[in-house]
Amino acid sequence: MLSFLKTPKTDSSYHLNALLLIAAAFLFRVIYSWLYPVHLAGDEAYYWEWGRRPALGYYSKPAMIGWIYAAANWISNGSLFGIRFTAILFGSLSLWITYLLTRKLFDAKTAWVAVVLGIAVPGNCLLNSVLTIDAPLVLFWSLSLYFLWKVSIQEKTGLSLFFLFVALAAGHLSKQMMLFFPPLAIIFLATGIETRPLLKKPATWLSIIGSLLIGWLPLFYWNSKNQWITFNHMDSHFGVHSEPSFWETIEKRIGYFFEFVGTQIGALSPVIAVLLFILTVVALFQKKNIAPRLRFLITFCGVPLLLILIVACFQKVQPNWPAVLYLSGVPMVAAWFTKLINWYPVCDQTRTRLFRGGIMLGFALCAFFYLGPIIFQLTGNENNHANPNRRLIGSERLGKAVQEIRQTIPGWEDHFVFADGHRYQAAWLGFELPDQPRVYRIAGATIESQFEIWPEPWEDGLKGKNALYVAFGNTPSVAAHIKAAFDTIELIKVIHVKFGTGLTDYSIFRCQNLQGPLRPKLKIP
């Protein structure tokens, strides 16, 4: 037994300690979110708008995140704390499932170490802070891992296959990344003598293929009614773009690779990240047969992580893409610390130092994640690039500034609101204005977001209504198609809003008597 683990030696004690640690982290995050409310990121405000219009699919993603926001809005009456609480709940449940999986794979002690490592991962702080599509994806991926392992050891096989089907279907409804799970599951089952017979059972294929049908049919149906816009959007994320010269291409691709690796080291913390990468590489070159539980972790972490690293050599890879892979990676590192993984051997003293150093550094980074924004705010240095919340600052100021202008207009309650610029502007206004009105986005001539799929004011029957137009930038005039839609348009004021990324100007116009469509004919980009 390694000397650095000073916890009680019984399984029940490890189990209780893990439960208390997860509960303590959950309680801390809830209290922190209550006392120090951080306003919505752009994507969160955008998904919040989706939640106000539940559908079978959306412009760029499946429907689950919209349904989650709809439920959170209904329960918490559209409050900021309700959104933060939902993110914390999803993150805490994911960590608990990771504990259960690790205990099922190894033992209670290793599972407890996995919980400690998981809480010390800075990326886990972000997962428990913002409610994006990664929150449900991580939860349903972890559940899928748990029930797939139960299936592989033939523990309540029929019931486990049913819950695997449910978890997979929910994952497919959450994010396209879940498509990687079925092939990885088939690879794992096919590469083991003891698991290969499961592929001969119709129930196994029914669980996997049935979840694909349930998860993707709603999105296919919605897209059939909306010009297959989601699949056009997905296509834009892939493909290698040529550069003007050979050396510029090489330089850019090297930059992509090291940028991706750097973000992963920051998300996992340096010690844990380096250990995970080493264990992954060494594991892939193991010549002798390895135990099924280790093959399970390698299949769901090592193999896809290596593929993502290869992709990162050719194009920009989003930092959150491999997040679900670490649900298998962290248990693998935990098992190495408890000496249940014997590749990459080191002495106990080195193992102890790595554990202590990794945990201390991880918790220091997590402490900075929570305390840093408060310190920057108190010192009047919120715009510092080191501030973790820098990009979350300013939306409430935009809402307050626009509301002050709205209240100076007679009958402002009957004015609809529309904005141009990035989709975040309209989404932030919809959430931050006190009455949370429907805010339309009127931008270019292409479909660039969900806002362009929803009806515009003219289609919503607002003929003859007055409007408040929030235009991005300091501009004295409006576009010709907007000017032609109203009888009169007057500039009320140019406001200056301080965001965490700098000062942004907005021009506020009052538009009277809507007489025609605000949008030109839209096309798919």
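**Cores and salt bridges in a predicted model**

Colleague: Which residues does Phe 296 touch, not counting residues up to four places away in sequence?

Modeller: This is a predicted model. Leave out residues up to four places away in sequence. The contacts of Phe 296 are then Leu 101, Leu 105, Leu 145, Leu 148, Trp 149 and Phe 188.

Colleague: How many residues are in the largest nonpolar core?

Modeller: Phe 296 is among the members that touch the most others. Leu 117, Trp 141, Phe 181, Phe 300 and Val 402 are also in that group. The core itself holds 133 residues.

Colleague: How many residues are in the second, separate core?

Modeller: Its members include Phe 416, Tyr 440, Cys 511 and Leu 518. The core is separate, with a count of 16 residues.

Colleague: Now the charged pairs. How many salt bridges are there?

Modeller: Side chains of opposite charge can pair when their charged atoms come close. The rule asks for a side-chain nitrogen of Lys or Arg within 4 Å of a carboxyl oxygen of Asp or Glu. By this rule the count is 15.

Colleague: How many residues apart are Glu 259 and Lys 316?

Modeller: These two form a salt bridge, with the closest N and O atoms 2.7 Å apart. Each has a relative accessible area of 38%, so both are partly exposed. Glu 259 lies in helix H12, and Lys 316 in the loop between helix H14 and helix H15. The pair links distant parts of the chain, 57 residues apart.

Colleague: Why does the pair of Arg 406 and Asp 435 tie together parts that are apart in sequence?

Modeller: Their side chains meet in a salt bridge at 2.9 Å, N to O. Arg 406 is buried at 2% relative accessibility, whereas Asp 435 is partly exposed at 40%. Arg 406 lies in helix H17 and Asp 435 in the loop between helix H18 and strand E2, so the parts they tie together are 29 residues apart in sequence.

Colleague: Which residues do salt bridges that share partners join into one network?

Modeller: Look for salt bridges with shared partners.

Definitions and conventions
Residues are numbered from 1 along each chain as its sequence is written. This is a predicted model: local features need pLDDT of at least 70, side-chain atom pairs count only at pLDDT 80 or more; totals for chains, interfaces and linings use all residues. Side-chain values use heavy atoms; hydrogens and water are left out. A nonpolar core is a set of buried Ala, Val, Leu, Ile, Met, Phe, Trp, Tyr and Cys residues joined through side-chain atoms within 4.5 Å. Buried means under 20% relative accessible area, exposed over 50%, partly exposed in between (1.4 Å probe, protein chains only). Contact means heavy atoms within 4.5 Å. Helices (H or I, at least four residues) and strands (E, at least two) are DSSP runs, numbered from the N terminus.
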